[in-house]
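Welcome, and thanks for taking a look at this one. Here are a few points to read alongside the model.

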Amino acid sequence: MVPSLKGLIVEKLERLPGPALQEVLDFVEFLSQRRAPAEDPILAVAGMLTGAPVSADEIERELYGEKAR
């Protein structure tokens with residue numbers, strides 16, 4: 001019977017010392033993140049865009065206080 005790819009990987013992993021196992025884990029996590037779909041940057045800030053609009057004067061007062069003008 002031909003061993004499965006996962007079975008071969010597990011066999012190799014069982015022979016590795018602890019520090020090498022950590023490297024393998026790091027690499028597997030890297031591969032998982034690389035293949036994950038990227039989050040749309042617009043959706044990342046969409047929650048911040050809700051609510052009443054803020055004027056430029058309100059922003060300046062918030063940043064610099066009442067004496068900014």
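In which helix is Ile59 found?

1. Ile59 sits in helix α4, residues 56-64; helices here are DSSP runs of H or I with at least four residues, strands are runs of E with at least two, and both are numbered from the N terminus. This is a predicted model, in which local features need pLDDT of at least 70, side-chain atom pairs count only at pLDDT 80 or more, and totals for chains, interfaces and linings use all residues. Residues are numbered from 1 along each chain as its sequence is written, and side-chain values use heavy atoms, with hydrogens and water left out.

2. The protein has 4 helices and 0 strands, in the order α-α-α-α from the N terminus.

3. On confidence (pLDDT, the predictor's score for each residue from 0 to 100), the protein averages 83, and 87% of the residues score at least 70. Helix α1 (residues 5-14) has the highest mean, 93, and helix α3 (residues 41-45) the lowest, 70.

4. Of the 69 residues, 0% are buried; buried means under 20% relative accessible area, exposed over 50%, and partly exposed in between, with a 1.4 Å probe and protein chains only. Ile59 counts as partly exposed because its relative accessibility is 43%.

5. Leu21 belongs to helix α2, residues 18-35. Its relative accessibility is 35%, so Leu21 counts as partly exposed too. Beyond its neighbours within four places in sequence, Leu21 is in contact (heavy atoms within 4.5 Å) with Leu13 and Leu16.
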